[in-house]
Amino acid sequence: MYPINLCLKGRRCAVIGGGKVAWRKSRALLAAGAQVTIISPELHPDLLECAAQSPACRWYKAVYAPGLLEGFFLVFCAADDRRVNQQAAREARELGVLVNAASEPELCDFMVPARIERGDLLITVSTGGKSPALARLLRERLEREYGRVYGEWLERLEHLRAELRKRPGTSREREHFWRQILTEDILALVEQGKLEEAEAEVRNAINGFGTQS
């Protein structure tokens with residue numbers, strides 16, 4: 001498996017099925033900014049509400065049939081009928097559309113990892129589909145270790161990076177700077193919630209960047 005994070009903003013994605021699994025897949029796609037089309041004769045109540053309220057979510061009220069997947073970038077096959085999932089997955093692959101069918105791993109182009117989101121910080125765990133239970137257990141451990149404070153710290157780092165870019169220096173020098181300054185001591189301050197102290201240390205280093213002869 002090759003790990004990759006996809007940018008789905010504005011991309012057309014399809015979800016085959018209208019149950020709880022389809023709802024989870026649709027919700028994640030919408031959160032990523034995708035344009036989602038749900039193909040199913042019926043919808044879970046949450047999906048029905050989403051389709052009614054979100055302009056990015058469209059309900060195509062029909063049983064999946066060949067010919068419906070043209071023009072999509074990505075497809076999730078999440079119908080209750082295994083044969084429908086198999087048929088949709090095969091069509092998607094023939095069209096060159098990325099496909100995930102959890103019940104048919106041999107037809108999948110990608111697996112969805114267990115994930116932790118802390119603002120724009122995304123941490124994922126994957127077992128290649130071999131043990132979702134282990135992936136879930138490891139995710140729960142990481143959730144305890146990496147709290148929401150890391151998302152807040154990432155936001156501060158974004159501004160600090162912008163400050164550093166304004167100073168004279170090469171990209172290689174800036175890369176070396178970040179490797180040197182983001183130490184275990186800084187992370188210890190972050191874990192303790194001492195973001196102001198951590199930011200002050202980094203900013204102090206930025207103020208000295210490029211001044212050494």
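I took axes to be lines fitted to C-alpha atoms, for helices over the stretch in contact, with angles running from 0 to 180 degrees between N-to-C directions. The model I examined is predicted.

**Entry 1: helix 1 and helix 2**

I first looked up how helix 1 packs on helix 2, which spans residues 45–53. Their axes lie 9 Å apart and form an angle of about 35°. I recorded the crossing of this pair as left-handed. On the helix 1 side I found A22, W23, S26 and L30, which meet D46, L47 and C50 of helix 2. By class, I noted 5 nonpolar residues, 1 polar and 1 charged in this contact.

**Entry 2: helix 5 and helix 6**

I next turned to helix 5 (residues 149–165) and helix 6 (residues 171–181). The angle between them is about 140°, and their axes are 11 Å apart. Helix 5 contributes L157, L160, R161, L164 and R165 to the contact, while helix 6 contributes R174, F177 and W178. I listed 5 of the contact residues as nonpolar and 3 as charged, with no polar residue.

**Entry 3: helix 5 and helix 8**

I then followed helix 5 to its packing with helix 8, residues 195–207. Here the angle is about 20°, with 11 Å between the axes. I therefore described helix 5 as roughly parallel to helix 8. The crossing of helix 5 and helix 8 is right-handed. From helix 5, I listed V149, E152, W153, R156, L160, E163 and L164 as contact residues. Their partners in helix 8 are L195, E196, A198, E199, V202, R203 and I206. This contact comprises 8 nonpolar and 6 charged residues, and again I found no polar one. I noted that L160 and L164 of helix 5 take part in the contact with helix 6 and also in the contact with helix 8.

**Entry 4: the largest pocket**

Helix 1 gives the most, with 7 residues. I divided the lining of the largest pocket into 29 nonpolar, 8 polar and 10 charged residues.

**Entry 5: the second largest pocket**

For the second largest pocket I recorded a volume of about 180 Å³. Of its 17 lining residues, I listed G17, G18, S40, P41 and A79 as the closest to the centre. The lining of this second pocket holds 9 nonpolar, 5 polar and 3 charged residues.

Conventions: Residues are numbered from 1 along each chain as its sequence is written. This is a predicted model: local features need pLDDT of at least 70, side-chain atom pairs count only at pLDDT 80 or more; totals for chains, interfaces and linings use all residues. Side-chain values use heavy atoms; hydrogens and water are left out. Helices (H or I, at least four residues) and strands (E, at least two) are DSSP runs, numbered from the N terminus. Ala, Val, Leu, Ile, Met, Phe, Trp, Tyr, Cys and Pro count as nonpolar, Asp, Glu, Lys and Arg as charged, and the others, Gly among them, as polar. On a 1 Å grid over the protein atoms alone, a cavity is a set of points where a 1.4 Å probe fits but cannot get out, and a pocket is an open set with protein on both sides within 12 Å along at least five of seven lines; lining residues have an atom within 4 Å of a point. Grid points are joined across faces, edges and corners, and a volume is the space filled by probe spheres set on the points. Contact means heavy atoms within 4.5 Å. Angles under 35 degrees count as roughly parallel, over 145 as roughly antiparallel, 65 to 115 as roughly perpendicular and the rest as oblique. A crossing is left-handed if the near helix is turned anticlockwise from the far one by less than a right angle, and right-handed if clockwise.
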